[in-house]
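Here is a short report on one protein model. Have the viewer open while reading.

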Amino acid sequence: MIDKAPNGAIVLTAILLAGSTVCAGASDANLTIEVSGALLEHGGVVTIYPIPITPEDLRAPDEEAADRVAVTSRYAEVQLKYPMNGKYVFRFRNPAETPDDQKLGTQPLSVIGTDNQDRGPQMTAGFKDAYSSGGQVIRVLPRAEYAAESEAARTNARWGKVEGNDALPPADERGARALAAIVGYGMSDFTFQCTGNASVQVCTIPPDQWPALDMRWWRDIAEARLERLDHHALRRCYNSSWLGGGTCEADPQSDEPAYNHRK
């Protein structure tokens with residue numbers, strides 16, 4: 001269930017039912033994810049992995065549950081323990097001191113499912129070896145996409161257009177999906193460093209790995225854009241024939257995807 005919250009925040013609530021019983025109360029997990037730094041400015045991806053456990057194992061008696069974590073990395077995995085057969089809630093917000101005009105934009109990208117035993121991906125860091133109950137992939141929008149002064153600048157950000165030799169990979173929707181595919185689902189060549197406590201872990205890519213990750217990210221963005229150009233060129237070729245039939249062959253003289261129709 002997705003609910004709009006004040007000040008540009010998005011609250012996502014998952015309720016797991018056991019028959020007709022919902023376990024609610026003080027043991028439920030409630031987490032605020034505070035976004036700042038590069039993630040707030042340039043956008044990125046946060047993947048949420050809820051970890052179901054028995055209520056008595058949720059945390060030690062003398063330990064308080066974490067209710068707020070800070071994320072600055074352009075990719076992060078947030079692993080949140082919650083009571084089995086209960087519910088968890090998480091929300092994204094700006095830092096408390098952020099001016100009102102610097103609102104936060106987020107977009108759900110996908111839902112991570114479970115297997116036939118109701119188990120989602122197994123954690124490789126943080127709560128290592130624990131199984132999630134699925135998850136959600138959330139895009140944090142770059143500020144320029146919703147807060148740039150001109151409509152042209154907002155459109156460029158939405159399209160993933162960037163300028164400058166030192167420009168970072170764009171976190172437009174397609175760019176964010178590319179990043180999630182590179183490092184998500186525990187199949188990444190990159191490693192994680194995690195911080196947190198017994199109830200929540202925030203796992204990010206170490207700074208020394210980001211140059212290699214940025215290069216991989218740029219490559220995947222370029223390959224995806226070339227694939228789209230090729231698809232549109234091939235479709236234009238087949239649509240160019242009123243009678244249908246024939247074949248489309250790559251134009252050897254073109255410096256970008258183009259096809260010639262042959263009967």
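The model is predicted. Read every value here as computed from that model.

**Sheet and strands**

Start with the open sheet. It is built from 6 strands in the order β8-β9-β4-β6-β11-β10. The pairing is mixed. β8 (106-112) and β10 (193-196) are the edge strands, and each of them pairs on one side only. On average, neighbouring strands of this sheet are turned by 25 degrees against each other, direction ignored.

Strand β4 (residues 44-53) and strand β9 (residues 135-140) run antiparallel. They are joined by 5 bridges. In this pairing, G44 of the chain stands opposite V140 in β9.

Now turn to strand β7 (residues 87-93). Is strand β7 mostly covered or mostly uncovered? Mostly covered: 5 of its 7 residues are buried. Its partner is strand β3 (residues 29-35), and the two run parallel with 6 bridges between them. Here L31 stands opposite F90 in β7.

**Disulfides**

How many disulfides does a search of the whole structure find? The search finds 2. With the bonded cysteines numbered in sequence order, the pairing is 1-2, 3-4.

| Disulfide | Sulfur atoms apart | Torsion about the S-S bond | Hand |
|---|---|---|---|
| C194 and C203 | 2.1 Å | 110 degrees | right-handed |
| C237 and C248 | 2.1 Å | about -100 degrees | left-handed |

Take C194 and C203. What is the exposure of each cysteine? C194 has a relative accessible area of 27%, so it counts as partly exposed. C203 has a relative accessible area of 0%, so it is buried. The cut-off for buried is under 20%.

Next, C237 and C248. The torsion about their S-S bond is about -100 degrees, and therefore this disulfide is left-handed. The pair links distant parts of the chain: C237 sits in helix α5 (residues 210-239), C248 in strand β12 (residues 247-250), and 11 residues separate them. Both C237 and C248 are buried.

**A residue of helix α5**

Helix α5 also holds R236. Why does R236 count as exposed? Its relative accessibility is 56%, and exposed means over 50%. R236 and H261 are 25 residues apart along the chain. Their C-alpha atoms are separated by 9.7 Å.

**The largest pocket**

Rolling a probe the size of a water molecule over the atoms shows where empty space is left. In this model, the largest pocket has a volume of about 480 Å³. It is lined by 21 residues, and those closest to its centre are A144, A157, K161, V162 and E163.

Which helices supply at least two residues each to the lining of the largest pocket? They are α1 (37-42), α2 (143-147) and α3 (151-159). By class, the lining divides into 12 nonpolar, 3 polar and 6 charged residues.

**Recap**

Then find the 2 disulfides. Finish at the largest pocket, with A144 and K161 among the residues closest to its centre.

Notes:
Residues are numbered from 1 along each chain as its sequence is written. This is a predicted model: local features need pLDDT of at least 70, side-chain atom pairs count only at pLDDT 80 or more; totals for chains, interfaces and linings use all residues. Side-chain values use heavy atoms; hydrogens and water are left out. Two strands pair if DSSP finds at least two bridges between them. Helices (H or I, at least four residues) and strands (E, at least two) are DSSP runs, numbered from the N terminus. Axes are lines fitted to C-alpha atoms, for helices over the stretch in contact, and angles run from 0 to 180 degrees between N-to-C directions. A disulfide is a pair of cysteine sulfur atoms within 2.5 Å. Buried means under 20% relative accessible area, exposed over 50%, partly exposed in between (1.4 Å probe, protein chains only). On a 1 Å grid over the protein atoms alone, a cavity is a set of points where a 1.4 Å probe fits but cannot get out, and a pocket is an open set with protein on both sides within 12 Å along at least five of seven lines; lining residues have an atom within 4 Å of a point. Grid points are joined across faces, edges and corners, and a volume is the space filled by probe spheres set on the points. Ala, Val, Leu, Ile, Met, Phe, Trp, Tyr, Cys and Pro count as nonpolar, Asp, Glu, Lys and Arg as charged, and the others, Gly among them, as polar.
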